[in-house]
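Please look at the sequence and the structure shown below.

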Amino acid sequence: MGDDALCEEQAGRHDVIDGKVIELRPFSRRRGSDPIRLQIGERPWLPTPDTRVVEIYEECDPPTAGLIEQDGRLYVFDCIDGRGSKVSFWAYTQVDAIEVSRLQNAAGDDLIRLLDALFADRPSMAALVFDNLIESSTPINC
C-alpha cells in the first residue's frame with residue numbers, strides 16, 4: 001500500500017496515543033496544508049493551551065524535539081537554533097502515521113537526519129522564542 005493510500009485509509013480512524021483516544025483527521029495530499037496554530041506567549045513545545053505532547057524525542061529542559069497533537073493532527077517540532085539560549089528558533093510541520101513510526105524508531109544521528117528531512121520541501125511554521133515563550137511565528141517553506 002502506498003503512502004497516499006495509507007493516509008486516505010486513516011480518514012475517520014481513531015488511534016490511542018498515551019492512553020488517549022484521538023480521531024485522526026485525513027492527511028491532506030498537500031503536506032503541511034493544515035498549519036499548526038502557534039500562540040504568542042505560549043511555550044514552543046505546547047504552542048496552544050489545547051495542544052497535547054504525544055512524545056518527546058530530545059529530553060532537555062525544555063524539551064527541544066518531539067511530537068504534539070493539535071485538533072486531531074500530529075505535528076513534529078524541533079528547536080532548530082538557540083538550544084539553551086534566551087533566544088531560539090523552532091520549526092513545526094504536520095506528519096502522518098508512517099512518519100511517526102519512523103520517528104519512533106530513530107535515535108541519535110538517524111533522528112537528526114529524519115527531522116531535517118521532514119522539514120525539507122514542505123510548508124512548515126517557524127517560531128521566534130524568547131525566554132521559552134513564543135514571540136512571533138510565520139509560515140516557511142524549507
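**Strands and their partners**

In this predicted model, Val76 stands opposite Thr93, a residue of strand 6. The pairing behind this is between strand 5 (residues 73-81) and strand 6, which run antiparallel and are joined by seven bridges. The two strands form a hairpin, with five residues between them. In the turn, Gly82 has a positive phi of about 90 degrees.

Strand 6 also has a partner in strand 7 (residues 123-130): the two are antiparallel, and six bridges join them. Within this pairing, Ala91 has Ala126 of strand 7 as its bridge partner.

How many of the nine residues of strand 6 are buried? Strand 6, which covers residues 87-95, has seven buried residues out of its nine, and is described as mostly covered. As background, side chains in a regular strand alternate between the two faces of the sheet.

Now turn to Gly66, which lies in strand 4 (residues 65-70). Is Gly66 buried or exposed? Gly66 counts as buried because its relative accessibility is 0%, and the cut-off for buried is under 20%.

Which residues does Gly66 contact, leaving aside its neighbours within four places in sequence? They are Glu55, Ile56, Tyr57, Tyr75, Val76 and Phe77. Val76 in this list is the residue that stands opposite Thr93 in strand 6.

A further pair involves Gly66 and Leu103. The two are 37 residues apart in sequence, and their C-alpha atoms are 9.1 Å apart in space.

Key
Residues numbered from 1 in each chain as written. Predicted model: local features only at pLDDT ≥ 70, side-chain atom pairs only at ≥ 80, totals over all residues. Heavy atoms only, no water. Helix = DSSP H or I, 4+ residues; strand = E, 2+ residues; numbered from the N terminus. Buried < 20%, exposed > 50% of the residue type's maximum accessible area, 1.4 Å probe, protein only. Contact = heavy atoms within 4.5 Å. Pairing = 2+ DSSP bridges.
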